[in-house]
Amino acid sequence: MSETKSSNGIPGFVPIPGGAELPARSDDGRNIDLQTGLLLGEGSGQKPLASREDVDLQSQIFPYVPSRQPGETPTYYGVPVLKEPVWMWTIAAYFYVGGLCGMSATLGAAVQLLGGREMRPLVIKTRWIATVGAAISTFFLIEDLGRPERFLHMLRVFKLTSPMSMGSWVLSAFSAAAGASAVLPYGPRVFRPLAGVCGILAGLLGLPLAAYTGVLLAQTAVPLWKNRLWSVLALCSGTAAAGSFLGLLPLNAKEARAIRMFGLTGECGELLIANELEKEASRVQRVARPLRDGLTGFLWQSAKVLTVVSAVISIAPGRSRKKRITAGLLGTGAGICVRFAYFLAGKRSARDPRATFEQQRQIPALHAGNI
């Protein structure tokens, strides 16, 4: 269909995903912009019952669900109780990049206050990592939302009890502070002292930026994600990711020593919290299953192995740059694996029709000491 022009000069048709075209304005006199009704981002992955055939198929599911055997966990007609999260892979990438840039800014603020002139190059590196990382994080988040204006709509609400609302505000404030700390030293002399203030502010905001994603997951009804330790894991994983990434850059001896200790702290914390999380999930075996088998289990176990190997290489004698880069690459791989592991494992947990029921029935008994 070729593009046409209306009497007021507005294009008559606009392209939409899939190669089709859509009228730019409704022709019923209301003059509505039909482009605002397009499903983009995570919303486009939802599949409603659109036809009579779909409705008939859905109605045929229930009569043929086999009866529950004695002792078997009940289900809701054999279908999942929860709706699987519609987040795309960009959210898992956002988790990783947000944790990396947030903890880089926090390290930069600490070095700015305590490191002295010899560590000044490391402060500059962390500021630019925070700035570029914030921009990439915003891109991933908007890509999942589908439209840039949807991110702005999230800023219309400031709700302390909502991790998503607070996360949006933290990301916005962090991006501004990190960008100012990186750019102001190259601007007019009168503004340069503000770079240090912005660097400290970005460091303070980096902590909630790295941790809030775990709080967000813990607030959902997904069986695997219902654990407050996810926020601690996000913080430790962000620390390890920042240390691993910075280890790939040219560093002097003092900077390399600080980065090594920072990264090892994050890796040790990540291993301890990951094991505790798996132990907590194993109290209901079906809930822990995504962490033990399939692709999600492979990513989860790979993350732990890569973290251990990276830590061992970092502790090993020698201070060569090749050794530091090897440990950094392994640590970076571990950080990516752990983020995608618990992201995909949570979606898999939501698809399990029995996990929710088993968790609801067994956890109260465990707390009461009956099991």
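Contact here means heavy atoms within 4.5 Å. Keep that cut-off in hand for the selections below. The model is predicted.

**Whole chain**

Start with the cartoon view. The chain carries 12 helices and 2 strands. From the N terminus, the order is β-β-α-α-α-α-α-α-α-α-α-α-α-α. Colour by burial next: of the 371 residues, 45% are buried. Residues 24 or more positions apart account for 70% of them.

**Stop 1: Ala345**

Select Ala345, in helix H11 (residues 321–351). Buried or exposed? Ala345 is buried, because its relative accessible area is 0%, and the cut-off for buried is under 20%. Now show its surroundings. Leaving aside neighbours within four places in sequence, Ala345 is in contact with Leu224, Pro290, Leu291 and Thr296. Draw a distance to the last of these. Thr296 is 49 residues away along the chain, yet the two C-alpha atoms are separated by 5.4 Å.

**Stop 2: Glu267**

Move to helix H8 (residues 253–281) and pick Glu267. Glu267 counts as buried because its relative accessible area is 4%. Which residues touch it? Setting aside those within four places in sequence, Glu267 is in contact with Ala240, Ser244, Thr307, Ser310, Ala311 and Gly331. Ser237 and Glu267 are 30 residues apart in sequence and 7.0 Å apart in space, C-alpha to C-alpha.

**Stop 3: the largest nonpolar core**

Which members of the largest nonpolar core touch the most other members? Select Phe174, Leu233, Trp300 and Tyr342. The core has 70 residues. Helix H2 (residues 89–114) gives the largest share, 13 residues. In soluble globular proteins, nonpolar side chains tend to be buried together.

Zoom in on Leu233. Beyond four places in sequence, Leu233 touches Glu270, Ile273, Ala274, Leu277, Trp300, Val338 and Tyr342.

**Stop 4: H2 against H6**

Show H2 together with helix H6 (residues 193–218). Two packed helices are described by the angle between their axes and the distance between the axes. Here the axes come within 7 Å and cross at roughly 145°. The crossing of H2 past H6 is left-handed. On the H2 side, the contact residues include Tyr94, Phe95, Gly98, Gly99, Gly102 and Thr106. On the H6 side, select Gly196, Gly199, Gly203, Gly206, Tyr212 and Thr213, among others. How many charged residues take part? The contact has no charged residues, with 14 nonpolar and 10 polar.

**Stop 5: H5 and its cover**

Select helix H5 (residues 163–183). H5 has 21 residues and reaches 30 Å from its first C-alpha to its last, close to the 30 Å expected at 1.5 Å a residue. Its buried residues include Pro163, Gly167, Val170, Leu171, Phe174, Ala178 and Ala182. What covers the buried residues of H5? The cover includes H2, H3, helix H4 (148–154) and H6.

**Last stop: H3 and its end**

Finish on helix H3 (residues 120–145). H3 has 26 residues and reaches 38 Å between its first and last C-alpha, close to the 38 Å expected at 1.5 Å a residue. Step past its end to Gly146. Gly146 follows H3 and has a positive phi, near 95°.

Key. Residues numbered from 1 in each chain as written. Predicted model: local features only at pLDDT ≥ 70, side-chain atom pairs only at ≥ 80, totals over all residues. Heavy atoms only, no water. Core = buried A, V, L, I, M, F, W, Y, C linked by side-chain atoms within 4.5 Å. Buried < 20%, exposed > 50% of the residue type's maximum accessible area, 1.4 Å probe, protein only. Helix = DSSP H or I, 4+ residues; strand = E, 2+ residues; numbered from the N terminus. Axes fitted to C-alpha atoms, helices over the stretch in contact; angles between N-to-C directions. Left-handed = near helix turned anticlockwise from the far one by under 90°. Nonpolar A, V, L, I, M, F, W, Y, C, P; charged D, E, K, R; others polar. Expected span 1.5 Å × (residues − 1).
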